[in-house]
Amino acid sequence: MTATPSPSPWEAPDGLYYRYGAALHDADDHSCQLGEGTQYSVLLGAITHVRDEEMERLTASVDRIRNLHRPVEHRGRTICVECSAWGNGSTDNPPTVHPCDTIQALGNQEAT
């Protein structure tokens with residue numbers, strides 16, 4: 001029995017490919033009802049709406065990651081809460097200096 005590979009986020013039913021396709025299909029139907037002169041503005045509006053939703057989703061994801069990898073003072077050093085497994089004033093892992101590799105990657109910085 002061969003496992004079926006899962007679709008990429010682009011190809012998934014809730015992915016951008018399908019969301020743009022659905023928006024364009026709906027906009028095309030709508031513009032046909034309004035008349036030919038409105039077609040491009042309706043299509044552009046549909047694309048812009050999907051893009052804006054996606055930017056909000058991505059921004060929220062980055063915010064959640066930044067919150068997980070937030071800085072905290074620990075024994076005179078600024079460390080990453082998540083990478084250091086910090087809680088109740090101690091760490092379960094060796095302290096990782098903040099900004100950690102994850103935060104640096106989000107900020108397009110070279111990891112040190």
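Good morning. Let me begin with Ala85, which is partly exposed, with a relative accessible area of 27%. Residues are numbered from 1 along each chain as its sequence is written, and side-chain values use heavy atoms, with hydrogens and water left out.

The chain has three helices and four strands, and along the sequence they follow the pattern α-α-β-β-β-β-α. Helices (H or I, at least four residues) and strands (E, at least two) are DSSP runs, numbered from the N terminus. Ala85 sits in the loop between strand 2 (77–80) and strand 3 (86–87). Its phi is positive, about 50°, although Ala85 is not a glycine. For background, most residues other than glycine have a negative phi, and most peptide bonds are trans.

Asn88 also has a positive phi, near 55°, and is likewise a residue other than glycine. Asn88 belongs to the loop between strand 3 and strand 4. Is Asn88 buried or exposed? With a relative accessible area of 84%, Asn88 is exposed. A further positive phi, near 55°, is that of Arg75, in the hairpin of strand 1 and strand 2, which has two residues between the strands.

I turn now to that hairpin. Strand 1 and strand 2 pair in the antiparallel sense over four bridges; two strands are said to pair if DSSP finds at least two bridges between them. Strand 1 spans residues 71–74 and includes His74. His74 counts as buried because its relative accessibility is 8%. Which residues does His74 contact, leaving aside its neighbours within four places in sequence? They are Ile79, Trp86, Gly89, Ser90, Thr91 and Pro95, where contact means heavy atoms within 4.5 Å.

Further along, a cis peptide bond joins His98 and Pro99, with omega at about 10°. Pro99 lies in the loop between strand 4 (90–91) and helix 3 (101–106).

At 2% relative accessibility, Cys100 counts as buried. The closest cysteine sulfur to that of Cys100 is in Cys80, 3.7 Å away, which is too far for a bond. Cys83 is partly exposed, at 26% relative accessibility.

Next, the charged residues. Side chains of opposite charge can pair when their charged atoms come close. How many salt bridges does a search of the whole structure find? The search finds two, a salt bridge being a side-chain nitrogen of Lys or Arg within 4 Å of a carboxyl oxygen of Asp or Glu. One of them joins Asp52 and Arg51, with the closest N and O atoms 2.7 Å apart. Asp52 is partly exposed, at 32% relative accessible area, and Arg51 is partly exposed at 42%. Arg57 also forms a salt bridge, with Glu54, and here the closest N and O atoms are 2.6 Å apart. Both Arg57 and Glu54 lie in helix 2 (residues 39–68), three residues apart, about one turn of the helix. Arg57 is partly exposed at 45% relative accessibility, whereas Glu54 is buried at 9%.

Finally, the chain as a whole. Of its 112 residues, 20% count as buried. The average pLDDT, the predictor's confidence in each residue from 0 to 100, is 80 for the chain, and 71% of the residues score at least 70. Confidence is highest in strand 2, at 96, and lowest in helix 1 (residues 16–34), at a mean of 66. Where pLDDT is low, the predicted coordinates should not be read in detail.

Technical notes. Buried < 20%, exposed > 50% of the residue type's maximum accessible area, 1.4 Å probe, protein only. Disulfide = S-S within 2.5 Å.
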